[in-house]
Amino acid sequence: MATEGQCEYESVLCVKPEVNVYRIPPRASNRAVRAADWKLDAPDWTGRMRVTARGKMVYVKLEDKISGELFAQAPVDEFPGIAVETVSDSSRYFVLRIQDDNGRSAFIGIGFVDRGDAFDFNVALQDHFKWVKQETEFKKQAQAPDNTPKLDLGFKEGQTITLNIGQSKKKDRSRPQSSGGFGLLPPPPGGKLAPPPSSRSTNHNTQPATGGSDTGCLLDLDSSNSNSAAPVNPPASSDLWGDFDSVSPK
């Protein structure tokens with residue numbers, strides 16, 4: 001059965017083609033390291049840097065540019081930390097703690113020609129250990145018992161529920177009314193409607209007869225105004241074709 005270390009694979013975080021290595025003087029006190037104290041114009045070694053990750057650990061490897069032979073290696077278990085330190089007077093230089101296979105360690109200085117390479121190296125370390133911190137928190141949450149109260153949505157004993165499926169409420173249908181608010185009148189008896197009043201009767205004001213005295217007054221008015229009354233048409237002849245028969249052709 002494979003062990004846990006054998007199952008972990010190595011991933012490459014970043015590769016920089018050129019990095020300079022410097023011997024640094026021993027630290028006399030706890031004050032911050034300054035790159036100005038190094039011999040920056042005469043680096044002790046120049047090669048490439050490859051940063052890899054295996055599990056939670058990061059390995060900063062200094063290799064030969066052509067052959068790829070390992071020059072030195074620095075295992076990093078946290079950042080920022082003692083394995084990789086920044087200097088106080090520049091963002092392009094770092095203090096690196098290297099170790100050999102026997103566990104012996106030493107501190108060296110490394111520097112990048114391009115400031116962007118130093119930025120990429122710094123971000124690669126930060127992103128990896130940020131991921132390590134998140135993974136550790138997730139494992140703690142998974143192992144810790146969940147003591148929060150859970151919401152019980154189940155039915156209690158004897159509780160029932162009623163569902164009305166496919167049943168709709170009947171709406172009361174009221175009889176439509178006209179816009180004036182009055183209903184339609186029923187038809188007259190016999191099913192026939194009275195004819196509309198004649199156009200002639202609309203031009204005269206007539207009053208209905210209510211008694212005998214009123215009728216006499218109306219007769220007197222008619223007799224006095226006989227000259228203004230309209231002539232009465234003579235009765236039509238019983239023989240409709242008489243006028244045509246009396247005219248004889250000449």
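Me: Which element gives the most to the lining of the second largest pocket?
Reply: Strand E4 does, with five residues. A pocket here is an open set of points on a 1 Å grid over the protein atoms alone where a 1.4 Å probe fits, with protein on both sides within 12 Å along at least five of seven lines, and lining residues have an atom within 4 Å of a point. Strands are DSSP runs of E with at least two residues, helices are runs of H or I with at least four, and both are numbered from the N terminus.

Me: Before I go on, what sort of model is this?
Reply: A predicted one: local features need pLDDT of at least 70, side-chain atom pairs count only at pLDDT 80 or more, and totals for chains, interfaces and linings use all residues. Numbering runs from 1 along each chain as its sequence is written, and side-chain values use heavy atoms, with hydrogens and water left out.

Me: Ok. Which strands each supply at least two residues of that lining?
Reply: E4 (70-76), E6 (93-99) and E7 (105-111). Among the lining residues are Leu70, Phe71, Asp100 and Arg104. By class, the lining has six nonpolar, three polar and three charged residues.

Me: And what volume does it have?
Reply: About 210 Å³, where volume is the space filled by probe spheres set on the points, joined across faces, edges and corners.

Me: What about the largest pocket, which residues lie nearest its centre?
Reply: Pro25, Pro26, Arg27, Ala28 and Val33, out of 15 lining residues. That pocket holds about 290 Å³ of space.

Me: Switching to strands: how do E2 and E3 pair?
Reply: Antiparallel, over seven bridges; strands count as paired if DSSP finds at least two bridges between them. Met49 has Leu62 in E3 as its bridge partner. E2 and E3 form a hairpin with two residues between them, and Gly55 in the turn has a positive phi of about 70°.

Me: Which residues touch the most other members in the largest nonpolar core?
Reply: Met49, Leu62, Val84, Leu96, Ile110 and Phe121, in a core of 27 residues. H2 gives the most to this core, with five residues. A nonpolar core is a set of buried Ala, Val, Leu, Ile, Met, Phe, Trp, Tyr and Cys residues joined through side-chain atoms within 4.5 Å, and buried means under 20% relative accessible area with a 1.4 Å probe, protein chains only.

Me: What does Val84 touch?
Reply: Leaving out residues up to four places away in sequence, its contacts (heavy atoms within 4.5 Å) include Phe79, Phe94, Phe121 and Leu125.

Technical notes: Ala, Val, Leu, Ile, Met, Phe, Trp, Tyr, Cys and Pro count as nonpolar, Asp, Glu, Lys and Arg as charged, and the others, Gly among them, as polar. Buried means under 20% relative accessible area, exposed over 50%, partly exposed in between (1.4 Å probe, protein chains only).
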